[in-house]
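The sequence and the structure are shown first.

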Amino acid sequence: MIKAYWARLSPQEKNALIFLGVFIVLYVLIDYIIIPSFNTVDTANKEWQYWQENANYILQHKQQLVKISQQQQSTEHLVSLPQKRQRIIKRAEALKLTIQRVEPSEEQLTVWFNHVPFNTSIKWLQQLTQQDMLVVKSLSVDRQKSGKVNIRVVLY
């Protein structure tokens, strides 16, 4: 049936059908095989580059990271809970933050603030973690009116 149909076609119609068939095959090949393959390779290259940059960063800053880790480990054992509490209160007072409550438990302190400026509280946390080498175990921030927040932070 197809052979009979093909035999009845004029040479121009045959050429047009051949051209259309080649076009469809090329379209499917390019759109469904070649382009997705290039996209997959491109995505894999970007992901590899991302991980390579992270690895290079870690290797470049390895000494700093080890030093910070050692400082944290050594200061955790040297600083008593009352000293940590004094540091926390001193930093808060310096930034004019009013501590609502400080609750000690084992090796950690839970600190509550109510209606404090968000930016100032973040600065307080940054000072404690970077200068006093305290570690934030958990942080809960509740948004209040006009840039104020309620904060509950567990430090050790």
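The model is a predicted one.

**The annotated segment**

An unreviewed UniProt entry annotates residues 16-35 as a "transmembrane region". In the model this span is 100% helix and 0% strand, and its end C-alpha atoms are 26 Å apart. Helix α2 comprises residues 11-60, and isoleucine 30 is found in it. With a relative accessible area of 40%, isoleucine 30 is partly exposed. Apart from neighbours within four places in sequence, isoleucine 30 has contacts with Ile35 and Pro36.

**The nonpolar core**

The largest nonpolar core has 17 residues, and those touching the most other members are Ile88, Leu97, Val111, Phe113, Trp124, Val153 and Leu155. At least two core residues come from each of α4 (81-94), β2 (108-117), α5 (118-130) and β4 (148-155). As a general background, nonpolar side chains in soluble globular proteins tend to be buried together.

Leucine 97 is one of the core residues named above. When neighbours within four places in sequence are set aside, leucine 97 is in contact with Ala92, Phe113, Val116, Pro117, Thr120, Ser121 and Trp124.

**Aromatic rings**

How many aromatic pairs does a search of the whole structure find? The search gives two. The table lists them.

| Aromatic pair | Centre to centre | Angle between planes | Geometry |
|---|---|---|---|
| Tyrosine 50 and tryptophan 51 | 5.2 Å | 75° | edge-to-face |
| Phenylalanine 113 and tryptophan 124 | 4.8 Å | 80° | edge-to-face |

Tyrosine 50 is partly exposed, at 46% relative accessibility, and tryptophan 51 is exposed, at 52%. The rings of phenylalanine 113 and tryptophan 124 have their planes at 80°, so this pair counts as edge-to-face. Phenylalanine 113 belongs to strand β2 and tryptophan 124 to helix α5, so their pairing ties together parts 11 residues apart in sequence. Phenylalanine 113 is buried because its relative accessibility is 0%, and tryptophan 124 is buried at 1%.

A charged residue also meets a ring: arginine 101 lies over the face of tryptophan 112, 3.8 Å from the ring centre.

**Loops and the hairpin**

Lysine 96 is not a glycine, yet its phi is positive, near 60°. This residue sits in the loop between α4 and β1 (99-105). Is lysine 96 buried or exposed? At 76% relative accessibility, lysine 96 counts as exposed.

Methionine 133, also not a glycine, has a positive phi of about 60°. Methionine 133 is located in the loop between α5 and β3 (136-143). Its relative accessible area is 15%, and because buried means under 20%, methionine 133 is classed as buried.

Strands β3 and β4 run antiparallel and are joined by seven bridges. The two strands form a hairpin with four residues between them, and in the turn serine 146 has a positive phi of about 50°. Valine 136 has leucine 155 of β4 as its bridge partner. Leucine 155 is also listed among the core residues that touch the most other members.

Definitions and conventions: Residues are numbered from 1 along each chain as its sequence is written. This is a predicted model: local features need pLDDT of at least 70, side-chain atom pairs count only at pLDDT 80 or more; totals for chains, interfaces and linings use all residues. Side-chain values use heavy atoms; hydrogens and water are left out. UniProt positions are given in the numbering used here, feature names are shortened, and annotations may be inferred rather than shown by experiment. A nonpolar core is a set of buried Ala, Val, Leu, Ile, Met, Phe, Trp, Tyr and Cys residues joined through side-chain atoms within 4.5 Å. Buried means under 20% relative accessible area, exposed over 50%, partly exposed in between (1.4 Å probe, protein chains only). Contact means heavy atoms within 4.5 Å. Rings of Phe, Tyr and Trp (its six-membered ring) pair if their centres lie within 6.5 Å; planes under 30 degrees apart count as stacked, over 60 as edge-to-face and the rest as tilted. A charge sits over a ring if NZ of Lys or CZ of Arg is within 6 Å of the ring centre and within 35 degrees of the ring normal. Two strands pair if DSSP finds at least two bridges between them.
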